[in-house]
Amino acid sequence: MDDGPVSTSVKWIPFIAAVGGVSTPVKWTVFIAAVALAYPTGLWLRGRPLFRMYVWTLVGFLPFYSRLDIALLSFAGRPGDTWGLEVAMLDWLAVALLLAERARSRPVPYRFALGLYLVVALVSMTQADWPLGAFGYVWKLGRMYLIYFVICRAGTDRRVPLALLRGLMLGVLYEGVLALWQHYGLGMPRATGTFEHQNTLGILVNLVVMAPIALVIAGRADKLTTLTAIAAVPISLFTISRGTMLFFAGGIVLLYIVSAFRRWDLRKAKIGLTGLALALVVIPVAESTLRSRSQAEQLESMRTRAQFENAASLMLDEHPLGVGANHFTLMLLTRGYGARAEVHWSQQAAIVHNVYLLTAAEMGYLGVIALIILFLTPLQSAIRYSFRAGRDRRGDLLLGLRVGLATFYAHSSFEWTWRLTEDAYVYWIVVAMVASLARDLREGVPGRVAIPTRQRAPRPLEASAVRSAGESSGTPPSANGGRGIHRSHQSLLRLPSRWFIPVGPVGDLPTREATSFGL
């Protein structure tokens, strides 16, 4: 039932009063302690670059493990996709890593798209019956922008995207083990992993796993990468989600086709034949798992989705500027949209399963336009620079990330999970990786990165060989730190790579420290 218009002065009173709202002293004590520790932690990390890479790996893994958050101001009892003014362990790590980086004046990629969407979200607060609820979404969006900004700033170190990818892959492996345990050990008909719903697990895994699969197809995968690609198969099957299975299979096919156009070889032909054989085995299994859902259940799901979409369309028709961020369910319950769309009373606390319709209903026509621009900007960048990369394996990584984004955007036509905190974290990590890799390729940064390492003094026989090689090439023994070796003599010396820092002519040696960007 519509209660009539709410005056601007009245509807802002709860927002003003709640800014200084009540929260438990323990939460505020933890929050203040975390803020106080962020600066010394950042300084400590600044002098330990290797340990900083471990922290970046943890950043990639944490969204799959646990939210580890506290609500400074809780929206308990209020329906929606945002449940309070929250802060999480991941936010604290982002602040510490930001303080660990030295100041740089480089602009943030995709500034227009980010700024436009943020402005639209702020404007939606003026349309909301409950402005504090709308501000809760803006607060969450700011936390995601913080993660994105910190990764882009640290992404000048080419090891950071690699460390993040390792964390994401460890997260997928963790979810794979949980899915197997839930299905076979606990007898759960639909595996959810660490998430509340199986669809959340499926859409996130499809977003992440396309990058490891791209590296496997390109022949540039280690054991962790290969295991991650394998772990995605049972996850996709045991969620018993039509969308997850469809976009997982479609993403792999698209990856293979584009990777073949990038570079065709006999190995990819073998992979194609192997994949075809596996598909003949997996497809019947997928069909049997889907048949485990009754026809009545599937029809009911489709009918409910259509009702929610009808409610979103009604909101957009009557509120061209939107009803306010984080307000779809609230309007469904309090403004009669649920009854008008014939949504059953037991379902009216849910959200429309389409992030584009959800955004249109809450932020209006301008909101959905801003969202599409926000989505397409990193996708266009990934497409452009994956082709420009040539044989650089960063191109293979960008190819996987772009297909992951494409499946995520397509799947979002049937899900709203992009609004969830854990999904948003993973999404913005992936987008920041795309931005960092594309920036390196645009600026011509070479794929090989010199990583300083400790050197062991050569034995007398080795030192003699180095001196003789330097004398025959006319290079003084003191040049390049006493390591002057002519290229014609490099094949004669099979010295362990850890003895060399890749500088000067020695930089052409295939050293472990001068690693190509990839796995």
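Which residues in helix 17 meet which residues in helix 18? The legends below answer this question and present further close-up views of the structure, which is a predicted model.

**Figure 1. Packing of helix 17 against helix 18.** Helix 17 (residues 393-411) packs with helix 18 at an angle of about 145 degrees, and the two axes are 10 Å apart. The crossing of the pair is left-handed. From helix 17, the residues Arg394, Leu397, Leu398, Leu401, Leu405, Phe408 and Tyr409 take part; in helix 18 they meet Tyr427, Val430, Val431, Met433, Val434, Leu437, Ala438, Asp440 and Leu441. By class, this contact comprises 14 nonpolar residues, no polar residues and 2 charged residues.

**Figure 2. Packing of helix 16 against helix 18.** The axes of helix 16 (residues 355-388) and helix 18 (residues 421-442) come within 9 Å, crossing at roughly 40 degrees. Because of this angle, helix 16 is oblique to helix 18. The crossing is left-handed. Helix 16 contributes Leu374, Phe375, Pro378, Ser381, Ala382 and Tyr385 to the contact, while helix 18 contributes Tyr427, Trp428, Val431, Val434, Ala438, Leu441 and Arg442. Of the residues in this contact, 11 are nonpolar, 1 is polar and 1 is charged.

**Figure 3. The largest nonpolar core and a separate core.** The largest nonpolar core contains 107 residues, and Trp56, Tyr117, Tyr148, Leu405, Trp418, Tyr427 and Trp428 have the most contacts inside it. Helix 18 supplies the largest share of this core, with 15 residues. Apart from this core lies another, of 18 residues, which includes Phe308, Ala312, Val323 and Val352.

**Figure 4. The surroundings of Trp418.** When neighbours within four places in sequence are set aside, Trp418 is in contact with Tyr117, Tyr137, Val355, Leu371, Leu374, Phe375, Phe408, Asp423, Ala424, Tyr427 and Trp428. Trp418 is also among the residues with the most contacts inside the largest nonpolar core.

**Figure 5. Tyr110, a residue with a positive phi.** Most residues other than glycine have a negative phi. Tyr110 is not a glycine, yet its phi is positive, at about 60 degrees. Tyr110 lies in the loop between helix 5 (89-100) and helix 6 (111-124). Its relative accessibility is 15%, so Tyr110 counts as buried, the cut-off being under 20%.

**Figure 6. Ile240, a residue with a positive phi.** Ile240 has a positive phi of about 50 degrees, although this residue is not a glycine. The loop between helix 10 (223-238) and helix 11 (242-262) holds Ile240. Ile240 is buried, because its relative accessible area is 5%.

Key: Residues numbered from 1 in each chain as written. Predicted model: local features only at pLDDT ≥ 70, side-chain atom pairs only at ≥ 80, totals over all residues. Heavy atoms only, no water. Axes fitted to C-alpha atoms, helices over the stretch in contact; angles between N-to-C directions. Helix = DSSP H or I, 4+ residues; strand = E, 2+ residues; numbered from the N terminus. Parallel < 35°, antiparallel > 145°, perpendicular 65-115°, else oblique. Left-handed = near helix turned anticlockwise from the far one by under 90°. Contact = heavy atoms within 4.5 Å. Nonpolar A, V, L, I, M, F, W, Y, C, P; charged D, E, K, R; others polar. Core = buried A, V, L, I, M, F, W, Y, C linked by side-chain atoms within 4.5 Å. Buried < 20%, exposed > 50% of the residue type's maximum accessible area, 1.4 Å probe, protein only.
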